[in-house]
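Visitor: I would like to learn how to read the parts of a model and the surfaces where they touch. Could you take me through it step by step?

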Amino acid sequence: MKREPTADALGVHERASATPVHEHVHPQALLGQAPEWAHGSLSLRAQQEWFAAIVSTPQTEPAPVDAESAARLVTPSAKLSSLERIDIYRRGYHARLIECLADDYPVLQHALGEEAFESLCRAYIARHPSTAPSLNYFGRHMAEFCLTQPLAEPGFAADLATLEWAIVLCIHAQTAPTMGLEDLAQVPPDRWPSVRFRVNPSLRILRLAYPVNAYLQGYRRGQSPVVSGARSTIVAVYRTGRSVWRLELEPTLVTLVEALAGGATLEAGLAQVQSLLADKTEQEGASMVSYCFQHSVSSGLFSAISL
Amino acid sequence: MANKFSLPNLGIGLGLRTAHYSAILEHKPAVDWFEILSENYLRTEGRPLDFLDQIADSYPVVMHGVSLSIGSTDPLDRQYLTELRALRDRTNARWVSDHLCWTGVAGKNTHDLLPMPYTEEALAHVIARTRAVQDFLGAPLALENPSSYAEFASDSMREWEFLGRLAEEADCALLLDVNNVYVSSRNHGFDPLTYLNAIPFERVVQVHVAGHTDHGTHIIDSHIGPVIDPVWQLWAVAHQRSGGVPVLLEWDAEIPSFQETHAEALRARSFMGTTT
């Protein structure tokens with residue numbers, strides 16, 4: 001149950017004004033026909049709607065333009081045709097958003113491989129185009145989207161995306177100074193039963209069907225993790241200061257943390273844990289509860305005590 | 001000649017990039033100022049703001065956006081503007097800039113700086129929206145000339161004429177990106193000095209320089225690598241004609257160490273006074 005740090009999930013590609021030059025795998029654009037209304041004199045609105053429709057069309061679908069109609073929208077240069085000039089924007093649009101998703105999901109990218117990940121991203125971009133000024137939350141639908149796609153292991157991919165997105169959310173979430181075991185020592189013994197705790201505000205508890213935290217950890221260590229079969233795990237993801245942590249939780253600890261996070265007193269929370277330990281001796285149970293509680297505090301899951 | 005908005009000459013700045021956060025906070029290098037990418041600090045309550053707050057406490061910052069979409073025919077996004085204003089107040093940003101472009105339509109954001117048709121209709125549209133944004137911010141907005149890879153068949157004027165008329169009629173400031181002038185001049189076949197000759201330099205409050213990628217048939221504004229000498233020479237012209245203006249290096253891909261990036265920005269000094 002050692003907590004594991006998570007390397008910075010931001011900063012591989014800057015979300016800036018530059019045009020990406022990374023040449024992703026992009027088949028030749030399929031050409032279609034200009035819309036009926038795109039004839040004659042075009043208003044500013046019509047030009048923008050047409051240009052955006054061409055640029056955002058996935059490569060697997062015919063763009064609403066052909067060589068003749070493209071020249072009605074954009075002039076050729078000395079070296080490029082009208083279509084080729086528009087195509088620079090089409091490639092840039094997809095490349096920028098693929099880079100953004102790769103920033104958020106580097107381990108999913110590794111697990112799927114470059115080509116499958118890029119195909120997934122292109123489908124994602126078509127299904128969930130950005131509508132926000134910031135790209136910070138553009139990738140928020142990826143886990144559920146994986147389940148709808150023809151991936152080799154969609155369940156594993158969805159869980160891995162869930163874990164990576166939780167890391168992104170933690171980076172953008174508020175946190176608070178954490179309390180330690182020394183803070184517990186300040187509590188008068190007669191107040192213990194009624195003590196309540198404030199959990200770290202960035203904390204997210206994930207119930208996962210696949211061991212994706214182990215996969216992610218293997219990737220971070222430079223190993224060659226393999227995609228494995230289903231095995232339930234519960235992972236806490238949270239931030240203390242500038243560090244994002246992942247901590248695999250045992251059922252007793254999950255019960256305690258969730259009870260306390262829900263506002264239960266320590267006495268009530270411990271009672272819920274005890275109910276899970278019916279097969280243990282009293283001494284074994286007490287030892288396990290004590291360990292769970294101290295571990296959750298020292299790992300930074302709680303930010304304060306309220307008496 | 002100071003700019004007509006009395007905005008300060010901050011000196012030689014750098015685009016703030018996440019790859020350099022640690023080096024900046026640990027070593028507190030002597031950088032004149034930083035330009036932040038506004039959208040990276042919107043809709044977050046976490047670590048990006050934590051870094052930004054510390055840096056804004058130690059250095060002057062300027063905000064540079066990519067999602068204002070001043071040329072779009074969609075309505076202005078009031079929530080975005082509210083967030084922009086709040087970020088400016090939080091960081092004490094000296095000014096706010098964005099691009100002469102549109103980034104989307106019909107509610108979608110391509111996150112790309114899409115080119116404007118340079119028509120009378122578009123000019124009137126952008127003038128009205130620039131005035132509205134400035135009224136909202138209570139301060140001049142600096143608009144940057146973008147790099148472009150396409151020109152519209154409907155164009156009735158060149159970009160420099162559009163930009164000059166926009167600046168005068170909307171009474172806005174300009175962020176002159178001399179790399180973008182160079183990139184567009186190669187892509188569209190014009191003399192970059194023709195562009196600079198049309199710029200009302202009393203409205204230029206900042207200059208950008210950057211690297212780019214030459215594909216032979218066209219140039220991409222990639223912000224990769226050092227600034228080439230022809231772009232530095234355009235900076236020298238801008239510096240001379242403006243009578244002194246802050247300059248900022250943008251480096252957004254294959255970003256080297258902080259020291260190397262800063263050293264590249266400081267090359268601006270060696271090109272000051274190299275034009276007559």
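Visitor: Which domains does the domain assignment of chain A give?

Guide: In this predicted model, the assignment for chain A gives domain 1, covering 11–169, and domain 2, covering 174–306. Taken over C-alpha atoms, the centres of domain 1 and domain 2 of chain A are separated by 40 Å.

Visitor: How many residues does the contact take from domain 1 of chain A and from domain 2 of chain A?

Guide: Residues count as in contact when their C-beta atoms, placed from the backbone, lie within 7 Å. Here the contact takes 13 residues from domain 1 of chain A and 14 residues from domain 2 of chain A. On the domain 1 side, α4 (106–112) and α7 (154–172) of chain A each supply at least two residues, and the largest share, nine residues, comes from α7(A). By class, that side of domain 1 has eight nonpolar, three polar and two charged residues.

Visitor: Turning to the two chains, how many residues does the contact take from chain A and from chain B?

Guide: The contact between the chains takes 51 residues from chain A and 55 residues from chain B. The side of chain A that touches chain B receives at least two residues from each of α1 (44–56), α2 (67–73), α3 (82–104) and α7 of chain A.

Visitor: Which helix gives the most to the side of chain A that touches chain B, and what residues does that side have by class?

Guide: The most comes from α1(A), with nine residues, while the side of chain A that touches chain B has, by class, 26 nonpolar, 15 polar and ten charged residues.

Methods:
Residues numbered from 1 in each chain as written. Chains lettered and ligands numbered in written order. Predicted model: local features only at pLDDT ≥ 70, side-chain atom pairs only at ≥ 80, totals over all residues. Domains from an automatic or database assignment. Helix = DSSP H or I, 4+ residues; strand = E, 2+ residues; numbered from the N terminus. Nonpolar A, V, L, I, M, F, W, Y, C, P; charged D, E, K, R; others polar.
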